[in-house]
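Visitor: I have a model open on my screen and would like to walk through it with you. Could we take it one question at a time?

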Amino acid sequence: MNNVTNILYWISTGLLIPVIALLLFGFIRSLMLLGGFFGMYINRLKHEKYQQEFLNNLQDISITADIQQSLKGNKLFNTHVKRMFVNNEAHVVEKILSDFELASEKDLSGSKSLAKLGPMIGLMGTLIPMGPALVGLAQGDIASMAQNMQVAFSTTVVGLFAGAIGYVTQLVKQRWYVADLNNLEFIAKSIHHKKQIDA
């Protein structure tokens, strides 16, 4: 039995370095995600009125017209709108809407994985040093125990920070993409209605 517990102890302590490396990677990734999110927020805020004007004047825009000047910012949304104006057959529009959903899910995957994995890896980083800390406490080595406890608490904080960034960015971006999908569906219906009137 002692051999089994010793093996488990060696495995868990051996995982500490990879866990810390993953936490550092997650922390850097969360900072990059936060920077990209902030840039996306500024871009959407800056070009929101242009998009609203485009939606309000949709009936006045020719289907064959160059809409480059009408759309600004929000690259993912604009790319799919332009595809709709190029080919607005019903089956193509459905494919465009599906492509937008897939693209938005792909963009959200980074935030989702960070929100879930950050706290998990942080918890691993908390529990792994607790074993050596308890051993140090039993042997009266307070310095070793304090060092291990410092590692345990630090990894918790870093893991929770990365998870919080992932969770918040996921929530906000998900709301943005739902609004964009709603606007794309409105544009598709408007184009279809305009085609029926022109016919």
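Visitor: Is Asn78 buried or exposed?
Guide: Happy to start there, and please keep in mind that this is a predicted model. Asn78 sits in helix H3. Its relative accessible area is 6%. Buried means under 20%, so Asn78 counts as buried.

Visitor: What separates the C-alpha atoms of Asn78 and Asp180 in space?
Guide: Along the sequence, Asn78 and Asp180 are 102 residues apart. In space, C-alpha to C-alpha, the separation is 9.8 Å.

Visitor: How are H3 and H4 oriented to each other, parallel or antiparallel?
Guide: Helix H3 covers residues 75–86, and its axis comes within 10 Å of the axis of H4. The two axes cross at roughly 170°. Angles over 145 degrees count as roughly antiparallel. H3 and H4 are therefore roughly antiparallel.

Visitor: How many charged residues are there in the contact of H3 with H4?
Guide: From H3 come Leu76, Phe77, His80, Arg83 and Met84. They meet Val93, Ile96, Leu97, Asp99, Phe100, Ala103 and Ser104 of H4. By class, the contact has eight nonpolar residues and two polar ones, and the charged residues number two.

Visitor: Which residues does Ile96 touch, leaving out those up to four places away in sequence?
Guide: Ile96 belongs to helix H4. With 0% relative accessibility, Ile96 counts as buried. Leaving out residues up to four places away in sequence, its contacts are His80, Arg83, Met84 and Asn87.

Visitor: What is the C-alpha distance from Ile96 to Ala188?
Guide: Ile96 and Ala188 are 92 residues apart in sequence. Going from C-alpha to C-alpha in space, the distance is 9.8 Å.

Visitor: Is Ile191 buried or exposed?
Guide: Ile191 is also placed in helix H6. Its C-alpha is separated by 9.8 Å from that of Glu89, 102 residues apart along the chain. The relative accessibility of Ile191 is 5%. The cut-off is under 20%, so Ile191 counts as buried.

Visitor: Where does H2 bend?
Guide: H2 has 41 residues and reaches 57 Å from its first C-alpha to its last. That is close to the 60 Å expected at 1.5 Å a residue. The helix bends by about 50°, and the place is His47.

Visitor: What separates the C-alpha atoms of Leu23 and Gly125?
Guide: Leu23 lies in H2 and, at 7% relative accessibility, counts as buried. Not counting residues up to four places away in sequence, it touches Gly118, Ile121, Gly122, Thr155, Val158 and Gly159. Leu23 and Gly125 are 102 residues apart along the chain, and their C-alpha atoms are separated by 8.4 Å.

Visitor: How are H1 and H2 oriented to each other, parallel or antiparallel?
Guide: Helix H1 (residues 2–14) and helix H2 (residues 16–56) have axes 5 Å apart. They pack at an angle of about 25°. Angles under 35 degrees count as roughly parallel. H1 and H2 are therefore roughly parallel.

Visitor: Which residues of H2 make that contact with H1?
Guide: On the H1 side are Ser12, Thr13 and Gly14. The contact has three nonpolar and three polar residues, and no charged ones. On the H2 side are Leu16, Ile17 and Pro18.

Technical notes:
Residues are numbered from 1 along each chain as its sequence is written. This is a predicted model: local features need pLDDT of at least 70, side-chain atom pairs count only at pLDDT 80 or more; totals for chains, interfaces and linings use all residues. Side-chain values use heavy atoms; hydrogens and water are left out. Axes are lines fitted to C-alpha atoms, for helices over the stretch in contact, and angles run from 0 to 180 degrees between N-to-C directions. Helices (H or I, at least four residues) and strands (E, at least two) are DSSP runs, numbered from the N terminus. Angles under 35 degrees count as roughly parallel, over 145 as roughly antiparallel, 65 to 115 as roughly perpendicular and the rest as oblique. Contact means heavy atoms within 4.5 Å. Ala, Val, Leu, Ile, Met, Phe, Trp, Tyr, Cys and Pro count as nonpolar, Asp, Glu, Lys and Arg as charged, and the others, Gly among them, as polar. Buried means under 20% relative accessible area, exposed over 50%, partly exposed in between (1.4 Å probe, protein chains only). The expected span of a helix is 1.5 Å times one less than its number of residues. The bend at a residue is the angle between axes fitted to the seven residues ending there and the seven starting there.
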